Amino acid sequence: MTSTTRPATPGSEPDATDPPRRGEATSAPRGALRRPSAMTRNLDVSGLVDAEGGLLDRAVFTDDQLYRQELRRVFAPSWLFLAHTDQFHKPGDFFTTYMGEDPVIVTMDKNRKLRVYLNSCRHRGARVCRADMGATRNFTCTYHGWAYDLEGKLVSVPNQEGYPADFSPGQWGLVEVPHVDSYRGLVFGTWNPEPVSLRESLGDMAWYMDAMLDHDDEGTVVVGGVHKWVLAGNWKLAAEQFATDWYHVNMSHASALMVMSPSGKKPKDEIVHRTGRQYVDPNGHGAGFPVHPKNRFDARTVHDWADYPAMRERLGEARVEGPLTNGHATVFPNFSYLPVNGSVRIWHPKGPDKMEVWAWTIVDKSMPEEVREAQRLYNLRTFGPSGIFEQDDGENWSEVQSIAHGFITNGVALNYQMGMGSEREDGRHPGQTSELYSDAAGRSFYARWRDLMNTPAWHEADQK
Ligand code: FES
Ligand SMILES: [Fe+2]
């Protein structure tokens, strides 16, 4: 458990780190989880990902069987982003989201602990909460009326006398996600009954994340709601791009950069620079950031308000001159963020050919209202659903996906060879880094994906 989570005092952010209480299941989610059936077949993906040679088979974006395997072996065992702690201030506050394709409810229980439940009634399986977010005292299924309290217990069953005498509501509570934790306001959960800790899974990535999350003691809060939009494209196209791909910026975003450049003429020299580093995490995370004294990519109001000397003191020169001024990043598998825009987003998988993007705008809690508003508008203009950069990226992913099912096309390998062998300790940033223009973090992303895809998850323990 991290030392960075704050205690749960009334009005403060909730505590997602409490150990399970006596009597609670710790080894497995409450409710029976299905064992893999004889129908379940796992594919060895070693031949699809040549991380060492920098080659990728397009089947990883298109194959339905691989997609099902991803849900079992990549999403189910991984720490997945759920929400921001600022979305929960009092018992009963809830937010509904997905872990892979599994619908879940994130809520604060009566003891101010964040709990996460599978959003599926134990009776016939309808969602027990169909709202996006809100506050409630219990979750009542609108199909037949079974109701569950904030602790996930089944507390009301219409016509209960019609069930056998040994029917026990205590055995029919909501299935609970066994591990929930937060890192500087970002809440993650995993179905894995025995995961490495969230902090351990982040490793050196946390240093880069702090460039967005740790500007001062007050941390971050959410402004506005959650933008949601659907894109034709495999979720990995977005996740890998945010981990590794600064290479596309000057080409794909040329028109947007032209609009933003002070002279309106020379985007390459005025807004983004080729000098920079790319963090390559062994667990598949990645972050890229230009390093240049003139590098600026933020709303002027925010820039003027920021106390850079204080941040230098707190975070060090390397972070303030690098990831704090610009950049992009992915926490494996499907959580990404843009540190300067304050955009955090998750790429929900919706089949091999479709993703649903959910994006939050976060700001420093210490920001005055007008600065928050400037940041919110700046993020909307650049990386909101109709933002001038977001449009370019979505277009690229859909373009790649739209032809990838062609029989011949699908068999032509993709190139991830830029920066081969360039990873090293650079003496300024933790972990291994590569050049800013490099596929190194992409290769690491797919190596991690390959390893998980080829490793039986906990729910396959008794499978031969
Ligand atoms: S499906 Fe929920 S009460 Fe029947
Ligand atoms: Fe982009």
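**Helix α5 and its two partners**

Helix α5 passes helix α13 in a right-handed crossing (helices being DSSP runs of H or I of at least four residues, numbered from the N terminus; a crossing is right-handed if the near helix is turned clockwise from the far one by less than a right angle, and left-handed if anticlockwise). The model is a predicted one, in which local features need pLDDT of at least 70, side-chain atom pairs count only at pLDDT 80 or more, and totals for chains, interfaces and linings use all residues. Residues are numbered from 1 along each chain as its sequence is written, while chains are lettered from A and ligands numbered from 1 in the order in which they are written.

The axes of α5 (residues 235-244) and α13 (residues 390-403) come within 10 Å and cross at roughly 130 degrees, the axes being lines fitted to C-alpha atoms over the stretch in contact, with angles running from 0 to 180 degrees between N-to-C directions. That angle makes α5 oblique to α13, since angles under 35 degrees count as roughly parallel, over 145 as roughly antiparallel, 65 to 115 as roughly perpendicular and the rest as oblique. On the α5 side the contact is made by L237, A238 and Q241, and on the α13 side by D393, W397, V400 and Q401, where contact requires C-beta atoms, placed from the backbone, within 7 Å.

Helix α5 also packs with helix α15 (residues 440-453), at an angle of about 135 degrees and with the axes 7 Å apart. This makes α5 oblique to α15, and α5 passes α15 in a right-handed crossing. Here A239, E240, A243 and T244 of α5 meet A440, A441, G442 and F445 of α15.

Terms used
Helices (H or I, at least four residues) and strands (E, at least two) are DSSP runs, numbered from the N terminus. Two residues are in contact if their C-beta atoms, placed from the backbone, lie within 7 Å.
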